[in-house]
Structures are given as structure tokens and as C-alpha cells.
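This briefing concerns a protein structure and is arranged by topic. Please consult the sequence and the model shown below while reading.

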Amino acid sequence: MYLDNDRRPTLTPQLAVRVALIGGIALVAFAVIFFRLWYLQVLSGDRYLAEARDNRVREIKVQAARGEIVDRDGRTLVDNRPSNAVVLSPDRLPADLDDRRTLYRRLGKLLDIKPGALARDVEPQLAALPYSTATVKQDVSNQLAWYLLEHRDQFRGADVERVFLRSYPHHDIGAHLFGTVGELNAKQEKDPRYRDVDLGDRVGQTGIELQYDRYLRGRNGASRLQVDAMGNLNRRLNKRDPKQGRQLRLSVDLDVQEAGQEALAGGTGRGAFAVMDVKSGEVLGLGSQPSFDPNIFSKGIKQRDYARLLDEDNGAPLTNRAIQGGYPTGSTFKLVTATAALESGVITPDTPLFDPGSYTVGDTVFENAGKVAHGTLALRQALTVSSDVFFYQLGDQMNSNGDGLALQHWARRLGIGRNTGIDLPEEQPGLLPTPKWRNALFKAGDTDRVWTPGDNVNLSVGQGDLKADPLQMAVAYAAIANGGRVLRPRLGQRIEDSSGRAIQQLEAPTARRLKIPAADRQAILDGLRGAASAPGGTSTSVFQDFPIQIAGKTGTAEKGEGRADQSWYVALAPWPEPKYVVAVTDEAGGFGADTAAPMARRILAALFNVKENKLVEGGGPSD
Amino acid sequence: MAASTPVTDFRDRGVRLLPLDPLLLLAALGLTAASLYIVGTATQDDIPGDPNYYVTRQALYAGVGILLMLIISRFDYSRLREWKIGIYGTMIGAILLVYALGFSARGSKRAIEIGFFNFQASELGKLLLVLSLSAFVVDRMRRLGDRETTSRIMLLTLIPAMLVIGQPDLGSGLVYLAIALAVLFVAGTKWTHFAALGVIAVAAVAIVLVAAPAAGVEVLKPYQVDRLTAFLNPTNNPKKEGYQINQSLTAIGSGGKTGRGDQATQTRLDFLPEHHTDFIFSVVGEELGFVGAALVLSLFALLIWRALRILTMSKNLYGALIAGGITAMLMFQVFVNVGMTIGIMPITGVPLPLMSYGGSSVLVTFMALGVMQSIYARARETATVKGL
């Protein structure tokens, strides 16, 4: 039976067809494989080769130190110190929640952090950036770091990173300028300016650190390692050394800055100052009181400390009052009013006006400070003795002349109520009161009355709704002193290598030019000079024995509601060719001559290297 | 019985006179050489301190395999037809033995440990199935048109196929099915039967992959389903199933035209798992490039061409069916394995014949080639006798 079945012709046509079909299938399959191989190996070979290289190479980042920040004489203001940070690497962290809790408990015990607080701190970091390490604690001692590294098996997922922390050898001196450094945030990550920055890298977040971040941040180095599929080190490939960021030289003079902050601290403890070169706009000092020690930020600031720095009751130390103050300026504003009155033709430098001691607008009586009557006087004298009534009249007239906005126009041109454009990102414009502004406020129901001539009268002597800061005042005074150029103040001077050789001079910003006749400017300057030197001048008593001749204006701004008056002083020195402008204010210093003028003298002493044996007492006629 | 007597006489008279197909032998030896080279380079760092661990074993398997091939080629395969029940029973028994004694490798129970050799019954089953199934078909040649014949053969195949799929060794199960279809096809089963089988196969796949999991019945283990579907979209799950495919594509692609030789980091640094077994073709692609891969494929093409030629030469139907089954077994494994490494076929755990490291696969493939040589030899002999 087998044999019957098994007998067959060698190759039937039917079998031939079927064998051919099998051969055909093989042929097609081989063709498909060959084309696919051609595509993978010949056409896409380079791409896969790159992928294979990526596969085996792990880069271990070596953090680059940020550039140092130095003052105009090369004295270090901000540098770096190496420290240890305890971090968690997500790829090695236990996936199991209980294991992770055990790790948090152990770490918390080692680092003296409550495990719950640690988890609350770390888990959101890991969730936000799943492939980036999360920092548990900054600035850990070497002993703790070594212990952790030696007992790695107990702390699986935890690691110690060498990082550079910002260090501020002068503590609170200049604290408001430098700003803070922090990890790249989600918004910056998408910003093309941070293309070269890796997740987890620290970049400038505020202040100078933010403004000049692209110079200050260095380029991270990397150790390139060849690893196998398990991540084990196979061999070292090469190393790229980290490159420290560029050094930034500021125009700040450490001595001036220090003198300014000390002077402010000697007052009521809340105030600000600005020192600027009247020709170049270079800022030699810019300070705010109360201040803080920025070193606490580099460790990663505690929430409690941060809240304290923002607390109004403590004077909100983080606020930079020199550019964010927003104060009424008192009589220091008279320079603006004088300029506006002269340029809008309300008066000439010699137009006499009568000062009976008070001025009535509608049913409101505006009086001179101390109710003094100065009699008939022209602009120079009015500035010297600080006659309010003289300027009340100017304010009233400018309110009724033409569009009634001459004072606002000139104030704005001189930089009041707008950002000066200093190279600090946190500047606030303040407020220049206008009819439009107040009437809109009234319409919205946010105030009880519309604009009246009294508002302009108040503005003419820097009272009322005006909000300006010392830097804006410095810019306005500098414009009158330098021939009408409204400068953009700047702190950054040049970019240098680590030995202090210039790499790039930072571009001098263009100034806005105002057309003010020399005679008008000179009249104003003469008035200011008189105020600091002539008999009856508001600050003569403060500056009469000062070896450097100056011009300057006091200011006393009423804050109302039983609060102490704000004290102001703006000085131009040396006379008659002013090189610097110094603007100082103390929030509760009373009369300008009492508090702010002696502060200005201390700053000027530092500026001109004048040795003073004792601090000058304030005092003099009221302004 | 009467017809087989002169053949036996002939063999007894002069064993040395029996011819071998030289090209089939050449292809097999070429692939063995390639396998030894690739296994040698790919695994030199796998066992610390013993760079030649795998290559010496593979060489031993190949040596024994070649010996077995030569011995088997001297016997008349036609005799095996009488032992079909025994062969089929041995196959089922061996597979069941694995169930009873087998040890587990990565969750699969596939092998029995015999000394240092892991005996994989499902590999031997491939050859035993060809031999027994071909015999059953020859028995029913007169009723080949009956639906019953086709269903019986398929049933005989499904029993071992299901058993090995349950081990779980999906790849071997699919090879069994391919063998059965090829044997029926060469025998001349009606097209309508194949069409019906096709419909049933589609329905079965739909039930196993879609309907059964939806109803809560687990036919395939979840990892098997993942592996089967991963190739459709490897980037979907780059950590697990997709990882293997991606690493394989990267390995092959990075080989370029002429290969990376010693710089084949995908293999050497262990990014490509299973680089000496199921994914050895990826290593060929990475180390030797398009040129090397094409050479290896050419050897397989030569092998398949000669196998098909032997099919047509066979002196009897049994030989033709065996040749068809073995050809299908080789073709299926080559295409599924290579297709898997280049990302056009699912991962099914099918070795690359003669190339992949592994004693069972190498020995069984050589034994199958021994049977092929036997068919060739008998055919040539018959032709010579007729020619005389």
C-alpha cells in the first residue's frame, strides 16, 4: 500500500508549479530583506551610526563657575566658592514609594531635615523635570558628603554634586544690585537665549546676574565616558574642561557704595541713594536700606527667611528703593518745575515774583514750610531759600497755560514717572500725576475728586501723588548739569577675562537730548549752588565747611496721616563743573537738611576721598 | 518492503560511492564558518575571563552536527516512513518531557539539561514533524482531496504546536505550522483547502489577540502579545519590547556598507541583548555591514535553492514531501528571524538556522540537512541505476 502511494513521476507539472511558487516566495522575501538592508545600512547608516554613538557615551557634567563681579577698581564684589550639594538622581531612585520613604527618612536624619518636608521639597522637583536631578540640600559639609558617598548603598539614588555657590564677601554692600542665581526655570528653558544651558544649571534670575547672564555664565565641562548597556564604565573617552564665565566690571565704587549704605543705616533705616557720573551715566553707587546679606540665597533660602525679606513690617529688605521707591520728592522737584516754567515761557530767569508766605488756589491755602514769607524774589533766590510760594505760582500758571501740561511734559522729558533704563531688570517707573490720570481714576471710582489746579500746585513742589525715586532725580539733575542730556544710567562697565583684561567694553547707552538754553540751566544751577553755599541757603550749614564745593537741593516730602516727613537731598559736585550727582532720601528723616543732606555729605566725602573727622550734624533753614 | 531490499544492498556494497550535493554542503559549511566568526567576536566579553566560552561550544555543536549530517546522509530516508508512529510519538513525548523536567530560561520552560547541553525538544520536533507528517500524507495520497485528510494533518500538527506554544515557545509552534502547510502544498492539496485554512488562521489570530483578551482569557502571555505587536511601532515602548527592535535597527544601520568591525559598540557593549542567539543577524549587520549581511543571505539563498532542487529530484513522494517540509522550515526561520532583526517581522523567538548560537538548533539543522543529502544521494543513485 505504501508503495502504491509512493510511486510517482519524477516531476509532475503540478509539482513544478508549486515548487516554482515556493521559489517565488523565497525570491520576493529575499528582495524585501535586501531592500530593507539597503535602506537601513546604506541610506540611513549615518543616522544609525550617530545613534549607536549616543548610546554608548554618557556625559558627566562638570559645572562651570560663574564669572566674578568686580567694582570699578577691580575689587571683588561677587565671587564663587565650591560646595557640596546633596541631590537625587531620578534614574537611580527606588521606584517603590516605601523604599523612597525609607531613603527620605535616612537622608532627613543625616541632613537634619524633616522627612516630610524633604519629600514635599523633592517630589515636585522630580515631577517637574523627570530627567534632571533634584536638589535636597545645598552647601553640605565635607564630612557629611563623605559619609554619604561611603554609605552609598544605604542612600540609593542620592548623590553629592560639587557645585559653585555665589559668595558675597561684602555681605549687604550692593546686595540690591547683584540679584540672585537660580536653576533654569521652565520659561527660560524654551527661551532661545538659554539654548546652551542644560536643565538644572543655575542662571541669573534677578539683578545684574540676570542682566549680564550671558557673559557671567560659563560653559560647563564634561567628562565623556563610554558605558555598556548596564551603565557600567567601560573607558574614559575625553574630557572638556569647564570654562568659567566672564568677569564683569561694574562702574560701582565699593567705597562710595559702602559710605552710602552706612549713611542710610545711620538714619531711620529706610531709604535709598544713587550716585552717578553726570556725563557718562556710570553709576558709582546705588543702594537701598534696609539691606540683606545675599549669601543666604546661595544656599537655597528658607521660606521663612524669604518671607521676612519681603515683609513690609521689616521694611521689605528685598525692595530696591533706589529704583523702585516711588516717593514724593519734596522740594528737590523744584529743579523740574523751574525747567518747565522757563522752557514754557512762564518766567525768565529774572522774572520777579512775590512770596507773601502763602498762596491760595480756589479755597485751599498753600503755605511755605515754616510759614516764612520770602518777599519778592527771582528763580535763583527762590531755589536758594526754597520758596514754595514762588513755585506754587509757577505750578498754578502752567496748569492754566496752553494745554495745562507744561510741567508734566518737562517732568517726563527729564525722566520722571518713567524707567531710567538702568541695566537692572526690576526698575519701577513710579508715577507722574496728570489730569488724565486722576480723571480716569475718578471715573473708575478709585478717588473722590477730579484734577484741580491744586494738584499741579502740589506737584510743583514735589508733593501729592508724585512717585519718583533717587535714581530718577539723579538723572534729572544730571541732565541740567550736563547740558541737557538725559542719561541712561548703567552699572555694567566692561567684560573682562579672569585677570581683568578688557574683552568687551559695554556699549554706552544713548542719551535723550533736551534743548534747554544755557542761560536757563545756569540760573537753575546758580540757585542750587546758592542753596548749598549762600547765606540763607537751605543746606549751607551742612556744606559750608566741606572742602569740595557743591550745589544741592534739599527736599522734605509730607507723607500725611501723621507720618514723619521724607527727607531728600540731591547734590551736584564739584562746583562749578559738576562731575557727579548724588541723590539721597530717608523715608522718615524729616527736613532735607536734617537727615538727607548730611548723608549726601558722607557719600561725597567717599567720592572725593575727603577725610572727615566727625559726622556732620544736619540742620539749617526749613525748605 | 520488497522495493527497499535492492537499495539496502546497494548501500551495503559501497558506502563511499554515494554522492553529496556539494553546493548544499558548501552553503552549510559557509554559514557555520560565519556563525563561528560572529559568535566569537560578539561574545568575547560576555563571560569574564572566558572569551571563547560560546565559540568553543558552538564549534563543538557544529562538529557533532556535521558528523551527524554525514552519517544520516548514508542512510536511506525511505525507511523512516515505516517508523512514522514512533517518530511522532517520540516528538510528543520529548515535548511533554520538557514540561515535566524542563528548567526555566527567562520564564520559558523550553529545555532539558543533559550534561552541559540544553536539549530543546521543540527544535528536534521540527525535524521529527517533517518526517512523520510527510509519512502520514503519503499514506493518504489517494484521498488527498478529502477535507478529512487536510484536517487530520493539521490536527496532527496542532497538537505539538500548541504544546510548544504553551512552553511558551511561540516561534517553534509557528515553524510547525509552516512545515505542515508546506508538506500539504507540495503533496498537492487543493487550493480551496488552503483558502479555508487561511480564513481559519485569520480568525484564530483575531481571537487570540483581540477577542480572547477582551473576554478575559489569556491564550498568549501578555509579553508575547507585546513582542508580537512591538515591531509595528517600536518607539511606542522604547524601554521594553521596542528596546530590542530599536537596538537591533541601530546595530544593523550603524554597520553601514562595510561594517564597524571592532568598533561594533552595539554588540560589544551589550546594548543589543541576545546578540549571539536570536539577534545574531544584527551582529552580522553591525560588524560586517551590508556586504557581510548580503554574503550571509546569499549563503541562505544557495541553501534554499539547493533544497528546492533536491525536492524536485527526489526519487519518491516521501522524499519530496520531506524536502518540502525541511525547505519550509529553513525558509520560515530565515525570513522570520532576519525580518525580526530588521524590524519588518514580529519578535517570535525563532533562531537563524546554523547561525544562532545553540546546540539543539545547530544539531537539528545539520540532521535535517543530512536527510536532504540522503534524498539527494538516493535520487542520484536511482538516476544512475536507471541510466545504466
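Which residue is the bridge partner of Val275(A) in β12(A)? The partner is Gly285(A). This is a predicted model, in which local features need pLDDT of at least 70 and side-chain atom pairs count only at pLDDT 80 or more, while totals for chains, interfaces and linings use all residues. Residues are numbered from 1 along each chain as its sequence is written, chains are lettered from A in the order in which they are written, and side-chain values use heavy atoms, with hydrogens and water left out.

**Sheet of chain A**

- Chain A holds an open sheet of 5 strands in the order β12-β11-β23-β22-β21, with antiparallel pairing; strands are DSSP runs of E with at least two residues, helices are runs of H or I with at least four, and both are numbered from the N terminus.
- Two strands count as paired if DSSP finds at least two bridges between them.
- Strands β12 (283–289) and β21 (551–557) of chain A form the edges, each pairing on one side only.
- On average, neighbouring strands of this sheet are turned by 5 degrees against each other, direction ignored.
- Strand β11 (residues 271–277) of chain A pairs with β12(A) in the antiparallel sense over 6 bridges.

**Helices across the sheet**

- Helix α22 (residues 518–533) of chain A lies across β21 and β22 (566–573) of chain A, at about 75 degrees to β21(A); angles run from 0 to 180 degrees between N-to-C directions, with axes fitted to C-alpha atoms, for helices over the stretch in contact.
- Helix α24 (residues 596–607) of chain A lies across β11, β12, β22 and β23 (580–586) of chain A and runs at about 145 degrees to β23(A).

**Interface of chains A and B**

- The contact (heavy atoms within 4.5 Å) takes 58 residues from chain B and 41 residues from chain A.
- About 4,300 Å² is buried between the two chains, 68% of it on carbon and sulfur atoms; buried area is the accessible area (1.4 Å probe) lost on putting two parts together, summed over both.
- Across this interface the rule finds 0 salt bridges, a salt bridge being a side-chain nitrogen of Lys or Arg within 4 Å of a carboxyl oxygen of Asp or Glu.
- On the side of chain B that touches chain A, α12(B) gives the most, with 13 residues.

**Salt bridges**

- Over all chains, a search of the whole structure finds 37 salt bridges.
- One of them joins Arg66(A) to Asp213(A), with the closest N and O atoms 2.9 Å apart.
- This pair links distant parts of the chain, 147 residues apart: Arg66(A) is in the loop between β1 (57–62) and β2 (69–70) of chain A, and Asp213(A) is in helix α10 (residues 213–216) of chain A.
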